[in-house]
Each structure stands twice: as structure tokens, then as C-alpha cells.
Amino acid sequence: MRQKIAILGSTGSIGRSTLDVASAMESEFEVVALSAHRKIDLLAEQTRRFKPRYVAITDGVPLDAFKALVPEFGGRCLQGAQSLVELATLDEVDIVVCAVVGAAGLPAALAAASKGRRLAIANKEPLVIAGRLLTEAAKKSGTALLPIDSEHSAVFQALQAGRPDEVKRIILTASGGPFRNASRQEMNNAGVTEALAHPTWSMGPKITVDSATMMNKALEVIEAVWLFGLSPDKIDVLIHPESVVHSMVEFIDGSIMAQLGTPDMKVPIQYALTWPKRAKGLAQGLALEKLKQLNFQAPDPDKFRSLVLGFQVAQTAGSAPVVFNAANEAAVSAFLEGRIRLGRIVELIEDCLNAHSVRQDLTLDGLLEIDAWARRYVLTRLGQNKTAHMAKV
Ligand code: MG
């Protein structure tokens with residue numbers, strides 16, 4: 001019996017890699033559902049190749065435009081943001097891979113966890129925004145939340161070497177991004193081209209910008225709190241420019257377990273699909289003898305302000321991570337449109353956090369309301385949304 005997979009966000013970087021893994025392991029996995037936001041040409045190509053039973057388009061692209069590209073497709077076509085929830089809870093689906101950019105995948109991730117589907121999470125936002133709701137839902141239905149984020153996959157793999165109460169701390173590694181050796185001023189004044197030139201990982205534009213500001217690592221700290229049930233003071237971040245050690249776990253006896261490999265997302269994707277087993281993979285092996293050295297350094301808190309904020313937000317919890325993430329998403333969009341310089345992103349996030357009164361124990365609707373408020377707040381700050389209602393939420 002092949003395991004049936006639904007891939008939410010199949011045309012993005014993680015979605016495409018997931019299809020590569022599924023294609024190489026065709027005897028183990030069957031792709032039954034795909035979703036795309038608006039890249040219907042690629043979705044059509046994937047549909048011809050993988051023959052899913054369900055296809056969803058979450059943007060307003062007319063279904064007829066897609067059907068015209070794949071007239072032979074005999075499955076069901078769904079449309080709109082809500083269609084992700086439908087795909088995530090299909091009776092025939094065993095594994096849901098959530099690789100939708102940003103907060104858009106949250107309702108579907110929550111629905112999949114509640115329904116007891118194995119949930120492989122590539123995007124960090126569901127855990128950052130609704131970590132409590134998501135982990136509680138998974139616990140209640142008895143299912144596993146499996147990280148695809150490379151650092152969390154590394155921690156998850158290293159954790160198999162001991163018991164949870166034997167963990168002293170986890171160490172998340174960060175490449176340091178394209179501005180690792182730049183001055184704070186150079187980094188803050190950077191534009192889109194410089195920020196998108198990531199030295200080691202090839203990823204989508206949003207996460208590449210997050211990597212340049214180290215906002216990505218800040219979000220990963222919050223993600224780790226929920227995935228591994230750790231308090232933020234048991235999490236450390238080290239810059240590791242080679243991106244070979246994907247993260248580590250230190251146990252109480254002083255042993256540190258690390259997961260190493262070439263920077264290739266197909267490794268964490270495959271492990272999330274095959275866990276607790278391993279299988280022969282597509283990634284190139286790591287030629288240890290060719291590595292001259294592995295470097296580690298503590299990040300400069302004055303330069304990477306987002307990381308300092310990330311630890312504070314992780315400690316505060318409640319609605320703080322929602323604001324932190326949503327303000328970042330809105331600011332990164334403005335940056336990618338060339339409207340602001342890189343350093344403005346974290347200023348807008350901090351400004352938005354200061355304008356918010358934190359609330360605890362919110363429902364999904366309550367969290368999403370605050371998410372929307374934070375986005376409006378940033379747009380207003382940017383002068384794009386002057387008429388927005390700016391009452392405190
Ligand atoms: Mg990561």
C-alpha cells in the first residue's frame with residue numbers, strides 16, 4: 001500500500017523538491033492532491049506527470065484557464081483559500097505536506113493535525129502563529145508533526161539519541177546570509193538584489209530575505225519552542241557559514257549530537273515522509289575530506305536585531321509571535337517591491353510590536369484578526385493604507 005500525499009504549495013521550491021522525492025520513491029508514495037497559488041502552467045505540468053485526483057488553485061485564476069492547459073485531467077478542481085483545508089482533510093490522504101508561503105497554510109495545517117494526518121511542515125508560520133493550537137490538535141488526535149525546515153529536521157534527528165528530559169539545549173545554526181561580513185550600515189541600506197544573493201541555500205524570495213535579516217532564525221526559535229516543547233532559554237543560535245551542520249542537540253552529559261549533510265532540502269523532506277525509517281535518497285553525499293574547516297560564531301545582537309526580538313517574542317508568546325510574523329511578511333513584501341531598504345523591515349516589526357497589547361489563549365479567529373491588524377499597521381506606516389482602521393487589537 002503506497003502512502004498518499006497531498007502537497008499544499010506544489011509549485012514552490014519545497015513543493016517541487018517534494019515531488020522530486022515522491023517521484024524517486026514511486027513505489028512508496030502516491031501524490032493524490034496538489035495546490036498552487038497562481039502558477040498554473042507549472043501546476044498543469046505537474047498534473048500531467050503525477051496524475052493527482054485533486055488540484056486546487058488558491059488565487060483568483062479561473063479554473064477554466066487551468067482546465068484548458070490539461071484537458072485530459074479527470075479529477076476534481078477546487079478553488080480559493082478554503083480549498084487547502086479540503087485537500088488537507090481528504091479521507092484518502094495519509095500525509096499532508098504544508099509548503100504554502102506565509103500564514104495562508106495555517107487553517108489547513110490545523111485541520112490536518114486535528115484530523116490525525118501526518119503533517120510535514122515546511123513553512124514556519126503555522127507553528128509561529130498558532131504553535132499552541134497546532135501542537136494541542138496533534139496531541140489530541142495522536143498524530144505527528146514532522147519538521148521539513150532543515151534546522152528542525154536536524155534537531156528532530158539528533159533528538160533520537162536521548163530522552164526529552166536529557167536535553168540540555170538545542171543549537172540552531174544559521175548561515176549568516178549574504179551580509180554576514182557586511183557592516184550593520186551596509187546591511188541596513190541593502191536593496192533586493194544584494195539580499196537575494198544567498199551564499200549557500202537556494203530558496204524562494206521571501207525566505208531568502210528573512211535569511212538576510214536573520215528574521216528566519218528568529219522565527220525558527222519560536223518554531224522550535226513549539227515543535228520540541230522547549231523554553232526559549234534552552235535554545236541557542238550560532239552562525240555557521242558552511243551550512244554543513246544543520247543544527248545540534250546538547251544533552252545533559254555534555255554530548256552534542258549534530259546532523260550534517262549537503263544543503264539540500266530533499267533530505268529533510270524525505271525524512272519527514274519516511275520517518276521513523278530512512279531510505280536511499282537523492283541528495284549528494286557529503287565529502288567530509290574536502291571540508292577544510294567548519295566555523296561557528298555567535299551572532300552580533302546589535303547587527304541582527306530581529307534575533308533579539310525573536311527570543312523576546314518567544315518568551316512573551318500569546319499573540320506576540322503573530323504580530324512579529326505578520327509585520328515581517330508585510331514589510332518583506334514592501335522590500336521585494338523595492339519600496340523600502342532592508343533595515344526598515346525590522347524597524348517596522350519593532351514598531352508594530354510596540355503598538356500591540358499582547359493577549360494569551362486566543363482562538364484561531366482571534367489570532368488571524370491580530371495577524372490582519374499587524375499587516376494593516378505596517379501598510380499604514382508605509383503610507384499605503386491611510387484609511388485603515390488603526391484601533392489597537
Ligand atoms: Mg530553516
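Five elements each supply at least two residues to the lining of the second largest pocket: helix H6 (125-141), strand S7 (145-147), helix H7 (150-159), strand S8 (167-174) and helix H11 (215-228). Helices (H or I, at least four residues) and strands (E, at least two) are DSSP runs, numbered from the N terminus. This is a predicted model, where local features need pLDDT of at least 70, side-chain atom pairs count only at pLDDT 80 or more, and totals for chains, interfaces and linings use all residues. Residues are numbered from 1 along each chain as its sequence is written, and side-chain values use heavy atoms, leaving out hydrogens and water.

**The second largest pocket**
- H11 gives the largest share of this lining, four residues.
- The second largest pocket is lined by 21 residues, and Leu-159, Trp-226, Leu-227, Phe-228 and Gly-229 lie nearest its centre.
- By class, its lining has 13 nonpolar, five polar and three charged residues. Here Ala, Val, Leu, Ile, Met, Phe, Trp, Tyr, Cys and Pro count as nonpolar, Asp, Glu, Lys and Arg as charged, and the others, Gly among them, as polar.
- On a 1 Å grid over the protein atoms alone, a pocket is an open set of points where a 1.4 Å probe fits, with protein on both sides within 12 Å along at least five of seven lines; lining residues have an atom within 4 Å of a point.

**Helix H1 against helix H12**
- The axes of H1 (residues 13-24) and H12 (residues 266-274) come within 9 Å and cross at roughly 60°, which means that H1 is oblique to H12.
- Axes are lines fitted to C-alpha atoms, for helices over the stretch in contact, with angles from 0 to 180 degrees between N-to-C directions. Angles under 35 degrees count as roughly parallel, over 145 as roughly antiparallel, 65 to 115 as roughly perpendicular and the rest as oblique.
- Ile-14, Ser-17, Thr-18, Asp-20 and Val-21 of H1 meet Lys-266, Ile-269, Gln-270 and Leu-273 of H12, where contact means heavy atoms within 4.5 Å.
- The residues of this contact are four nonpolar, three polar and two charged.

**Helix H13 against helix H14**
- For H13 and H14 (residues 320-336), the axes come within 8 Å and cross at roughly 150°, so H13 is roughly antiparallel to H14.
- Ser-306, Leu-309, Gly-310, Val-313 and Thr-316 of H13 make the contact with Ala-320, Pro-321 and Phe-324 of H14.

**Backbone points to look at**
- The peptide bond from Trp-275 to Pro-276 is cis, with omega near 5°.
- Pro-276 sits in the loop between H12 and helix H13 (305-316).
- Met-214, in the loop between helix H10 (205-213) and H11, has a positive phi near 65° in a residue other than glycine.
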